[in-house]
Amino acid sequence: MAKWLQSCVAVAGLCLASAAMAGVSNDIPSCYGSIKVGVPAPPLSTELFVLIDQTTPLDATLKNTVRENVGRLVQPGTAFVVATFSSFGQGRYLEVLSAGTLEPALPAKVRDDIGVKLLHSFDACLAKQRDFGRNAAAVALNKALSGISPEYAKSDVMGSMRELSYRIRQSAAQDKILFLVSDMLENSGISSFYGHRNVRQLDVPAEIKKAEAGQMLADLGGARVFVLGAGLVQENSSGAAKDSGVYRDPKTMTALRQFWEQYIARSQGRLIEFGAPALVVPVQ
């Protein structure tokens with residue numbers, strides 16, 4: 001067993017805490033790097049980017065949906081990034097809580113060329129790495145979801161997507177997924193999508209021009225985008241992260257979706273699902 005796995009078994013809580021705090025490049029040590037099997041790691045199939053807007057009042061059901069989708073997707077051959085944002089002006093800028101890579105298994109055609117003892121050690125390392133990585137992602141996700149608060153009045157959705165897109169664009173994964181957990185209600189110096197404590201009826205072409213003029217377009221590198229939480233409106237008077245329950249007109253919500261479809265397309269991405277607020281199609 002690799003040394004890092006032995007130490008993590010001994011002090012699992014400390015390892016998970018450090019993994020959730022770092023998030024610079026890869027919080028999960030490499031089995032291919034620590035156990036010399038003589039072949040490089042196969043290329044990643046998928047990288048999952050989870051971006052959570054801490055102004056969005058998710059109920060318990062929606063939080064569980066986030067956890068279920070992320071838990072299902074974080075598996076061998078996949079890298080992940082868990083990040084949060086609300087407003088740059090309130091000091092709640094984009095923050096990466098955890099990032100890691102769960103390495104793919106050895107290709108079947110090379111396994112016969114590796115000694116039994118070494119192969120056993122490597123397989124055991126990958127199994128421990130999988131559990132460690134999934135736990136690291138879960139710890140970061142719980143931290144992000146527990147940080148949702150009505151105190152954050154502003155929401156830099158476009159700016160945060162643009163910031164994360166620098167990292168998405170650099171991903172070498174064949175398939176890039178952005179799971180955006182947000183009300184999608186921009187509330188910044190560029191524009192506000194609110195009106196009378198509800199979602200404002202957007203003039204989509206005018207809002208796209210504002211985004212372009214403010215240099216807010218991103219480069220998502222062909223990522224597929226899934227949204228959960230669109231249209232939720234914070235009830236500030238309750239003192240808790242809770243949706244206001246106000247009626248959202250279908251015409252207004254259609255315009256909100258159209259804006260983000262166009263914004264994401266112009267940002268080199270594809271909007272696959274726009275959950276308003278729940279997902280109809282799971283992240284996949």
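Mentor: Let's start with strand S4, which pairs in the parallel sense with strand S7 (residues 224-228) over five bridges. Strands (E, at least two residues) and helices (H or I, at least four) are DSSP runs numbered from the N terminus, and two strands pair if DSSP finds at least two bridges between them. Please keep in mind that this is a predicted model, where local features need pLDDT of at least 70 and side-chain atom pairs count only at pLDDT 80 or more, while totals for chains, interfaces and linings use all residues. Residues are numbered from 1 along each chain as its sequence is written, and side-chain values use heavy atoms, with hydrogens and water left out.

Strand S1 (residues 46-53) and S4 run parallel, joined by seven bridges. S4 itself spans residues 175-181, and six of its seven residues are buried (under 20% relative accessible area with a 1.4 Å probe, protein chains only; exposed is over 50%, partly exposed in between).

Elsewhere, strand S3 (residues 95-102) has six of its eight residues buried. S3 pairs with strand S2 (residues 78-85) in the antiparallel sense, over seven bridges, and Val 82 has Ser 98 in S3 as its bridge partner.

Now for a helix. In H8 (residues 204-213), the buried residues are Val 204, Glu 207, Ile 208 and Ala 211. They line one face of the helix, because seen down the axis of H8 they fall within an arc of 100 degrees, the arc being that of the directions from the helix axis to the C-beta atoms. As a reminder, an α-helix has 3.6 residues a turn, so residues three or four places apart point the same way. On the other side of H8, Pro 205, Lys 209 and Ala 213 are exposed. The buried residues pack against helix H7 (157-170) and helix H9 (250-266), where contact means heavy atoms within 4.5 Å. After H8 comes Gln 215, with a positive phi near 55 degrees.

Finally, look for the one disulfide, a pair of cysteine sulfur atoms within 2.5 Å. Cys 31 is joined to Cys 125, S to S 2.1 Å. The two lie 94 residues apart, in helix H3 (residues 31-34) and helix H6 (residues 116-146), so the link connects distant parts of the chain. The link is left-handed, with -90 degrees about the S-S bond. Cys 31 is buried, at a relative accessible area of 0%, and for Cys 125, also buried, the value is 0%.
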